[in-house]
Amino acid sequence: MPRSVPPPAWVITRRRAIGDRIRAARLAAGLTQEQVALRVPMDRATYNRIEQGHAAALVDSLILISDAIGVPLADLVREERPPPRERQGPPSDPPGP
């Protein structure tokens, strides 16, 4: 069922970053989109939408893509540092007496 509300911009930004890592891993492995799509299996258009960040990939699809490319799943979804939205710590305690 399609989402009735589009995801926030920061989610789309992170989805595109995952797609960029997928593309970089694919190119480093010397594979075309068609070759990866055939190995998954999924149609090339769907694979392209995931790589471009236009489609949200299921975890199962990301597992299959990482296996098809020959890289650990963590390499595709790892972030160097948490985005600012996630770096906010717990509220600080009020000053003591």
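Which side chains meet in a salt bridge at 2.8 Å, N to O? They are Arg 26 and Glu 51, where a salt bridge is a side-chain nitrogen of Lys or Arg within 4 Å of a carboxyl oxygen of Asp or Glu. I will come back to that pair after some background.

This is a predicted model, in which local features need pLDDT of at least 70 and side-chain atom pairs count only at pLDDT 80 or more, while totals for chains, interfaces and linings use all residues. Residues are numbered from 1 along each chain as its sequence is written, and side-chain values use heavy atoms, with hydrogens and water left out.

The overall picture, then. The protein chain has six helices and zero strands; helices (H or I, at least four residues) and strands (E, at least two) are DSSP runs, numbered from the N terminus. Of the 97 residues, 26% are buried. Buried means under 20% relative accessible area, exposed means over 50%, and partly exposed is in between, with a 1.4 Å probe and protein chains only. Among contacts with a separation of 6 or more, 57% are between residues 24 or more positions apart, a contact being heavy atoms within 4.5 Å.

Now helix α4, residues 59-69. Its buried residues are Ser 61, Leu 62, Ile 65, Ser 66, Ala 68 and Ile 69. Seen down the axis of α4, they fall within an arc of 160°, so they line one face of the helix; the arc is that of the directions from the helix axis to the C-beta atoms. An α-helix has 3.6 residues a turn, so residues three or four places apart point the same way. The buried residues of α4 pack against α1 (9-28), α2 (33-39), α3 (44-52) and α5 (73-77). On the other side of α4, Val 59, Asp 60 and Asp 67 are exposed. Gly 70 follows the helix, with a positive phi near 90°.

Next, α1 against α3. These two helices pack at an angle of about 115°, and their axes are 6 Å apart. Axes are lines fitted to C-alpha atoms, for helices over the stretch in contact, and angles run from 0 to 180 degrees between N-to-C directions. From α1, Arg 16, Gly 19, Asp 20, Ile 22, Arg 23 and Arg 26 meet Tyr 47, Ile 50, Glu 51 and Gln 52 of α3.

That returns us to the opening pair. Arg 26 in α1 and Glu 51 in α3 are 25 residues apart, and both are buried. Glu 51 counts as buried because its relative accessibility is 1%. Glu 51 also forms a salt bridge with Arg 23, where the closest N and O atoms are 3.6 Å apart. Arg 23 has 22% relative accessibility and therefore counts as partly exposed.

Elsewhere, Arg 78 and Asp 75 form a salt bridge, with the closest N and O atoms 2.9 Å apart. Arg 78 is partly exposed at 44% relative accessible area, and Asp 75 is partly exposed at 35%. Through shared partners, salt bridges join Asp 20, Arg 23, Arg 26 and Glu 51 into one network. The total count is five salt bridges.

Leaving out residues up to four places away in sequence, Arg 15 touches Pro 7, Gly 53, His 54, Ala 55 and Ala 56.
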